[in-house]
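Take a moment with the fold before reading on. We will follow the strands, then the helices, then the surface.

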Amino acid sequence: MRKLGVGVLGVGEMGRRHAENLRHLVPEARLVAIADVAGARAKQVADELEIEYSFSSLGDMLQFKEVESVLIATPDKFHASSICAAAAAGKDILCEKPLALNLAEARDALEAVQRAGVRLQVGFMRRYDPAYAAARKKIDAGEIGQPLIFKSLGRDKDEAPIASYQSNVNGMLFYTNTIHDFDMARWIMKDEVASVHSYSTVVSRPEVANFGDVVAGVVNLKFAHGAIGNIESMAQALYGYDVRTEIIGSKGSLFVGSLQQTPMTFLTSHGSNKVLADHFLTRFADAYVAEVRDFAQTTLADKAPRVTGEDGLKALEIAMAAENSHLQGKPCNISELAVAR
Ligand SMILES: NC(=O)c1ccc[n+]([C@@H]2O[C@H](COP(=O)([O-])OP(=O)(O)OC[C@H]3O[C@@H](n4cnc5c(N)ncnc54)[C@H](O)[C@@H]3O)[C@@H](O)[C@H]2O)c1
């Protein structure tokens, strides 16, 4: 069986998991190289995964012929430029979310991909989660009738160190966390978001505002065809990693995520009386494998990716509108977004 040669760029927490999955759980792929600006880390991960080649720059890895495709898992700020470089070298690309941190860079990346005639898949792995995929199938089959309300929450567990805000290499909450729900909103409702109105708070950790970020946000959504939605995101829930979604339709409803039988759940930083997911790498373990596997399969079969660069752009537009709304204290229509920021 032909295997897709993949190089992983950025082997921090997420990239390392992708590299492990490629190495051990994706039969259609062959992990051939690892690159990270921290060259020692690239080498260490390569050694641990028994990979011969490691590099301290993307440029060096791109020279390597066996690297047919690149999985980008650097911090957000470097996604668009890495896509442009990988595309120019003729490599197919799977890039972590968000596609970019502004529309100008996002469009540059999409143009580079189109010019080079390569594939770009964006890492919205929730689409590959068995529970979300099952919900979408029910909607496709008409089993909840017309979807009317999308309600979602995404709460990360641990408080990020202030140094991670200071480094300024990742987007604010709407770009790093809520973007998964923005993509899910489009995908599962099978509609575009037309406008948003967001509220946010830093009341539990005011210093986060110095870095243009927020601790928690709620974003109300209006969809193009009349449905409505609401997303809550929280950077530090402490008790666990909590991702749940409800889709309310004219004939039925779908709840994705855990629903406990006992009406009262008690949650603190010590945990809960229930067994809780505590990290995205456990909650979405299967989805991360499935997304990389799908990337390898579609690339080998010369098919279009299931999660496209255009999907990455649309989710980014919603995140930018949510940030604008939070900054201006009023609703923001997606159509009002400035072309470049
Ligand atoms: N899909 C998901 O559920 C999910 C979950 C977590 C993180 N992510 C995304 O994955 C990406 C990485 O996140 P992380 O938590 O692994 O970050 P991290 O900080 O743990 O790791 C980033 C790695 O990239 C390296 N790096 C930094 N700049 C680089 C550059 N220019 N070129 C090459 N390597 C570079 C760093 O040395 C580090 O090893 C982010 O974009 C994040 O938004 C996605």
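Start with one pair of residues. Ile 93 has a bridge partner in strand E6, and that partner is Leu 120. Now widen the view. Strand E5 covers residues 92-96, and four bridges join E5 to E6. The two strands run parallel. Keep in mind that this is a predicted model.

Next, look at the whole sheet. The sheet is open and has six strands. Their order is E3-E2-E1-E4-E5-E6, and the pairing is parallel. Which strands stand at the edges? They are E3, residues 53-55, and E6, residues 120-123. Each has a single partner strand, so one side of each is left without a neighbour in the sheet. The sheet also twists: from one strand to the next, the average is 25 degrees.

Helices lie against these strands. Helix H2 spans residues 39-48 and lies across E3 and strand E2, residues 29-35. H2 runs at about 165 degrees to E3. Helix H11, residues 285-300, also packs on the sheet. What does H11 touch? Its contacts are E1 (4-9), E2, E4 (69-72), E5 and E6. The direction of H11 makes about 160 degrees with that of E5.

Finally, turn to the surface. Leu 148, Ile 149 and Ile 228 form a nonpolar patch there. Together they have about 230 Å² of accessible area. Ile 149 belongs to strand E7, which covers residues 147-155. How exposed is Ile 149? The relative accessible area of Ile 149 is 31%, so this residue counts as partly exposed. Patch residues need over 30%, and Ile 149 has 31%.

Conventions: Residues are numbered from 1 along each chain as its sequence is written. This is a predicted model: local features need pLDDT of at least 70, side-chain atom pairs count only at pLDDT 80 or more; totals for chains, interfaces and linings use all residues. Side-chain values use heavy atoms; hydrogens and water are left out. Two strands pair if DSSP finds at least two bridges between them. Axes are lines fitted to C-alpha atoms, for helices over the stretch in contact, and angles run from 0 to 180 degrees between N-to-C directions. Contact means heavy atoms within 4.5 Å. Patches are made of residues with over 30% relative accessible area and no salt bridge: like charges are joined within 9 Å, nonpolar side chains (Val, Leu, Ile, Met, Phe, Trp, Tyr) within 5 Å. Accessible areas come from the Shrake-Rupley method with a 1.4 Å probe; for residues, only the protein chains shown count as cover. A salt bridge is a side-chain nitrogen of Lys or Arg within 4 Å of a carboxyl oxygen of Asp or Glu. Buried means under 20% relative accessible area, exposed over 50%, partly exposed in between (1.4 Å probe, protein chains only).
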